[in-house]
Amino acid sequence: VRTGSGVSYTTRSDISYLDGVSATNYQKEQSKLDLYYPKGLSNFPTIVWFHGGGLYSGDKYIPEGLMGKGVAVVAANYRLSPRATFPAYAEDAANAVAWTFNNIRNYGGSTDKIFVAGYSAGGYLTNLIGMDRTWLNKRGINANRIAGLIPLTAQTYTHARVREERGLSRTVPCPTNTSPACNVRGDAPPILLMTGDRDRDLPNRYSDNNTFLQRLKSAGHRDVTLLEFKGYDHWMINQAMGPMLEFVRDHS
């Protein structure tokens, strides 16, 4: 990752990532991304970033901690509850990642250095499309081409919103295709898991991520790490930017 002075950055806003996908008006409205990238550099890494908000709120933004660091950021919106239900969220996340693979070279980026990251609900989508190859396969992309997955304080089992939609209790750990932890595989891309303090983050957030870590290792995954930010609660995005960039550098 190059960070030196003299590199300028530009942003292209509200790019449609549908790429010919048939869509409703609401899907067209939400299927937009902002692309922030360094001008004059080539083969730079790109981080696809999904915002949080419980799958019912939130809007795309470029994290300040990723600006001016030699990386591109694709900040994508996606459909939200109650106007949409699962699998719309995952389909949109997959469409945004597919757009990045199909288009980032036009801006100088490398398709070998595309990372997927997200905060909270956005991290759930990161986990979901990274573990279950079905979502990206539908767009002609092998999920194993992703250079790394970086979910921040993310749900590793079925998101509470999806459980509510489908009337599922937490005692049903692996309902259909909604649970990243139930689709772990040893050949998944490298993964950096991050949470707040186990005693200050949301209930079960650290323990669920730790179980996810152990399930991945049991499946034979050799490049997965869990970082816990002691003293920090669910809002630990600023603390996560440094380790995220280090992970991107080490895997680019």
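The exercises that follow treat strands, helices and a pocket in turn.

The model is predicted: local features need pLDDT of at least 70, side-chain atom pairs count only at pLDDT 80 or more, and totals for chains, interfaces and linings use all residues. Residues are numbered from 1 along each chain as its sequence is written, and side-chain values use heavy atoms, with hydrogens and water left out.

**Exercise 1. Strand E4**

Task: Determine how strand E4 (residues 72-76) is covered and which strands pair with E4.

Solution. 
Step 1. Strands (E, at least two residues) and helices (H or I, at least four) are DSSP runs, numbered from the N terminus.
Step 2. Five of the five residues of E4 are buried, where buried means under 20% relative accessible area, exposed over 50%, and partly exposed in between (1.4 Å probe, protein chains only).
Step 3. Ala-72, Val-74 and Ala-76 point one way from E4, while Val-73 and Ala-75 point the other way.
Step 4. Two strands pair if DSSP finds at least two bridges between them. Strand E2 (residues 32-39) runs antiparallel to E4 and is joined to it by four bridges; Leu-33 has Ala-76 of E4 as its bridge partner.
Step 5. Strand E3 (residues 44-50) pairs with E4 in the parallel sense over five bridges, and Ile-47 has Val-73 of E4 as its partner.

**Exercise 2. Helix H2 and Trp-99**

Task: Describe helix H2 (residues 88-103) and the setting of Trp-99.

Solution. 
Step 1. H2 has 16 residues and spans 22 Å from its first C-alpha to its last, close to the 22 Å expected at 1.5 Å a residue. The expected span is 1.5 Å times one less than the number of residues.
Step 2. Because 14 of its 16 residues are buried, H2 is largely enclosed by the rest of the structure.
Step 3. Trp-99 lies in H2 and counts as buried, at 4% relative accessibility.
Step 4. Trp-99 and Tyr-17 are 82 residues apart in sequence, yet 5.5 Å apart in space, C-alpha to C-alpha.

**Exercise 3. Helix H6**

Task: Explain why the buried residues of H6 line one face of the helix.

Solution. 
Step 1. The buried residues of H6 include Arg-205, Tyr-206, Asp-208, Asn-209, Phe-212, Leu-213 and Leu-216.
Step 2. Seen down the axis of H6, the buried residues fall within an arc of 165 degrees, so they line one face. The arc is that of the directions from the helix axis to the C-beta atoms.

**Exercise 4. The pocket lining**

Task: State which classes of residue form the lining of the largest pocket.

Solution. 
Step 1. Nonpolar residues are Ala, Val, Leu, Ile, Met, Phe, Trp, Tyr, Cys and Pro; charged are Asp, Glu, Lys and Arg; the others, Gly among them, are polar.
Step 2. The lining has four nonpolar, seven polar and five charged residues.
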